[in-house]
Amino acid sequence: SWEEIAKFFSEHGKVESVKKRKSGPIGARAYKGDAFVEFSKEEEATAVVTKELKYGENALTMTLKTEWLKAEREESAKAKKSRKKPDGEEKDGDAEAGEDEEAAAPKSFPKGVFVKMVNLSETCSREDIKEAFGEFGDVAFVDFARGQTEGFTRFDDPEAAKKCVETLTANKKEIAGTVPTLTLLEGEEEEAYSTKVAEDQAKRRASIASRGG
């Protein structure tokens with residue numbers, strides 16, 4: 001459990017949060033065997049990754065999150081390049097300007113998973129948002145493009161979305177230089193946006209199928 005992980009690492013510094021990473025389809029996500037552990041001080045995190053630690057019988061492989069994100073971006077860039085057609089067009093469409101979508105996205109979503117973001121920095125990227133929000137749970141997609149000042153994020157879990165909004169708002173957390181205003185979509189606004197996302201995903205899949213045929 002995340003409590004056991006936090007207790008284990010508390011011997012090496014003050015643990016602020018633990019996020020266990022999961023993968024798989026919505027509703028059947030499984031623990032991947034790794035996690036993000038946030039310490040209160042950067043020097044604590046830097047020190048712990050240099051140690052040879054064992055969790056139970058397993059030797060731990062540890063790296064700083066900044067280094068992990070860099071490796072993930074490089075891997076993503078390679079994968080993106082491999083998906084390009086000879087004329088330079090991506091087989092899957094332009095992911096940077098849109099949202100992260102599952103291959104088989106659902107037509108409806110749980111209540112309370114959409115977070116509206118206002119007052120974002122013009123230099124903010126989707127990776128910045130994912131890094132800040134990812135501490136609270138799995139981020140399904142970020143509907144935002146660099147240069148915009150508003151956007152939306154969808155979590156897989158309503159509780160994660162709620163905790164994200166409450167915690168970042170209370171802490172006045174900066175993302176790429178500004179403190180955004182975060183709200184959970186509710187009522188008609190939530191229903192309208194949920195419908196729009198489902199319709200956009202359906203159109204996108206139809207477009208991909210058309211190009212593939």
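## Helices packed on the sheet

The model described here is predicted.

The buried residues of α4 are Arg126, Ile129, Ala132 and Phe133. Seen down the axis of α4, these residues fall within an arc of 130 degrees, so they line one face of the helix. The elements covering them include β5, β6, β7, β8 and α5.

Strands of a sheet pair through backbone hydrogen bonds, either parallel or antiparallel.

Strand β7 is mostly covered, with 5 of its 6 residues buried. It pairs with β5 in the antiparallel sense over 5 bridges, while 4 bridges join β6 to β7, again antiparallel. Within the latter pairing, valine 142 stands opposite threonine 153 in β7. β6 and β7 form a hairpin with 6 residues between them, and glycine 147 in the turn has a positive phi of about 105 degrees.

On the β8 side, strand β5 (residues 114-118) is joined to β8 by 4 bridges, and these two strands run antiparallel. Valine 118 stands opposite glutamate 150 in β7 and opposite threonine 181 in β8.

Serine 121 is found in the loop between β5 and α4. At 10% relative accessibility, this serine counts as buried. A polar atom of the side chain of serine 121 lies 3.2 Å from the backbone oxygen of alanine 176. Leaving aside neighbours within four places in sequence, serine 121 is in contact with Phe144, Gln148, Ile175, Ala176 and Thr178.

## Aromatic pairs around phenylalanine 114

A pair of aromatic rings is described by the distance of the centres and the angle of the planes. The count of aromatic pairs comes to 6. In one of them, the rings of phenylalanine 114 and phenylalanine 141 have their centres 6.4 Å apart and their planes at 50 degrees, so the pair is tilted. Phenylalanine 114 lies in strand β5 and phenylalanine 141 in strand β6, so the pair ties together parts that are 27 residues apart in sequence. Both phenylalanine 114 and phenylalanine 141 are buried.

Phenylalanine 114 also pairs with tyrosine 193: the ring centres are 5.1 Å apart and the planes stand at 90 degrees, so the pair is edge-to-face. This pair links distant parts of the chain, with phenylalanine 114 in strand β5 and tyrosine 193 in helix α6 (residues 187-212), 79 residues apart. The relative accessible area of phenylalanine 114 is 0%, and tyrosine 193, at 6% relative accessibility, counts as buried. Ring pairs link Phe109, Phe114, Phe141, Phe152 and Tyr193 into a cluster.

Methods
Residues numbered from 1 in each chain as written. Predicted model: local features only at pLDDT ≥ 70, side-chain atom pairs only at ≥ 80, totals over all residues. Heavy atoms only, no water. Pairing = 2+ DSSP bridges. Buried < 20%, exposed > 50% of the residue type's maximum accessible area, 1.4 Å probe, protein only. Arc of directions from axis to C-beta. Contact = heavy atoms within 4.5 Å. Polar contact = N/O pair within 3.5 Å; in protein donor to acceptor, adjacent residues only side chain to side chain. Phe/Tyr/Trp six-rings, centres within 6.5 Å; stacked < 30°, edge-to-face > 60°.
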